[in-house]
Amino acid sequence: MATAYSARSRRTALGAVLAGAAVGAASLFGPATPASAGVNWDAVARCESGGNWKINTGNGYYGGLQFSRATWNGYGGQKYAARADLASRSEQIAVAEKVLRGQGIGAWPVCGKKGGSANAAATRSERAAPKKATSKKSAPKRAATRKAAPERAATTSAPQPSAGTYVVRRRDTLSEIAVAQRVDGGWRALHERNRAVVGDDPGLIFPGQRLRLR
């Protein structure tokens with residue numbers, strides 16, 4: 001009896017030691033990045049910057065998640081680096097979590113939906129969201145409703161006169177055009193370059209409009 005009891009005691013003690021070791025390992029080797037509330041930040045970064053966490057194209061937005069300096073500073077980014085592109089991936093995600101809590105996923109109006117967040121409904125937006133091109137017969141007020149860019153490519157073909165310009169097709173968005181045509185600075189740069197054609201609203205473009213790519 002004494003031998004059996006001692007064996008059980010040793011097994012119980014060993015189980016406690018192993019359980020404690022597992023807890024300690026979980027604490028020591030926990031997640032390398034902050035909790036993301038369901039957001040896949042790598043997917044957002046691939047959409048915003050091609051997944052380059054150190055990108056600085058000179059367009060006023062920095063790092064993988066394309067923070068403006070005002071947003072970076074306003075949400076504590078100075079704790080890590082002067083600009084987002086100078087901070088690490090995990091540091092950028094830490095600031096992004098604060099932006100998410102303050103502004104919602106709409107702070108990334110085009111690419112936020114790529115992250116699959118349950119908080120997709122945003123109360124405020126850091127940047128204007130390009131929307132799909134609409135027919136000129138569509139009512140302007142309905143066309144101007146802010147929506148994230150559709151993932152499907154344009155379905156109507158249109159002749160493209162040269163590598164330096166692009167003719168807008170049905171269901172195109174500035175963000176999709178910028179990615180497909182590899183426009184430096186993304187859709188913001190494309191909008192600025194074609195403001196005379198597109199107007200002040202980057203989300204309202206029409207089939208047949210000719211855009212300068214470079």
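Cysteine 111 is buried, with a relative accessible area of 3%. Buried here means under 20% relative accessible area, exposed means over 50%, and partly exposed is in between, with a 1.4 Å probe and protein chains only. Before I go on: this is a predicted model, where local features need pLDDT of at least 70 and side-chain atom pairs count only at pLDDT 80 or more, while totals for chains, interfaces and linings use all residues. Residues are numbered from 1 along each chain as its sequence is written, and side-chain values use heavy atoms, with hydrogens and water left out.

Back to the cysteine. Which residue does cysteine 111 pair with in a disulfide? The partner is cysteine 47, and the two sulfur atoms are 2.1 Å apart. A disulfide is counted when a pair of cysteine sulfur atoms lies within 2.5 Å, and the structure holds one. The pair links distant parts of the chain, 64 residues apart: cysteine 47 is in helix H2, and cysteine 111 is in the loop between H4 and helix H5, residues 140-143. Cysteine 47, at a relative accessible area of 22%, is partly exposed. The torsion about the S-S bond is about -65°, so this disulfide is left-handed.

Now the overall layout. The protein has eight helices and four strands. Along the sequence they follow the pattern α-α-β-β-α-α-α-β-α-α-α-β. Helices (H or I, at least four residues) and strands (E, at least two) are DSSP runs, numbered from the N terminus. Of the 214 residues in the protein, 39% are buried. As for the surface, the protein exposes about 11,900 Å², and carbon and sulfur atoms supply 55% of that. Those areas come from the Shrake-Rupley method with a 1.4 Å probe; for residues, only the protein chains shown count as cover. Taking the contacts with a separation of 6 or more, 52% are between residues 24 or more positions apart. Contact means heavy atoms within 4.5 Å.

Next, helix H4, residues 89-103. Buried residues of H4 include Ile93, Val95, Val99 and Leu100. The buried residues of this helix pack against H2, strand E2 (67-68) and helix H3 (69-74).

Leaving aside neighbours within four places in sequence, glutamine 92 is in contact with a list of residues, among them Trp53, Leu65, Phe67 and Trp72. Glutamine 103 also lies in H4. Is glutamine 103 buried or exposed? Glutamine 103 is buried, with a relative accessible area of 10%. The side chain of glutamine 103 makes a polar contact of 3.5 Å with the side chain of tyrosine 75. A polar contact is a pair of N or O atoms within 3.5 Å; within protein, one must be able to donate a hydrogen and the other to accept it, and residues adjacent in sequence count only if both atoms are side-chain atoms. Just after H4, glycine 104 has a positive phi of about 85°.

On to the core. In soluble globular proteins, nonpolar side chains tend to be buried together. A nonpolar core here is a set of buried Ala, Val, Leu, Ile, Met, Phe, Trp, Tyr and Cys residues joined through side-chain atoms within 4.5 Å. The largest one has 34 residues, and those touching the most other members are Trp41, Leu65, Phe67, Trp108, Ile177 and Leu190. Helices H2, H4, H6 and H7 each supply at least two residues of this core. The largest share, five residues, comes from H4.

Leu190 brings us to H7, residues 186-193, where Trp187, Arg188, Ala189, Leu190 and His191 are buried. The buried residues of H7 pack against several elements, including helix H2 (41-49), helix H6 (174-180) and strand E4 (210-212).

Last, two arginines. Arginine 171 sits in the loop between strand E3 (165-167) and H6, with phi near 75°, a positive value in a residue other than glycine. Arginine 171 counts as partly exposed, at 22% relative accessibility. Arginine 182 is in the loop between H6 and H7, and its phi is also positive, near 55°. Arginine 182 is exposed, with a relative accessible area of 71%.
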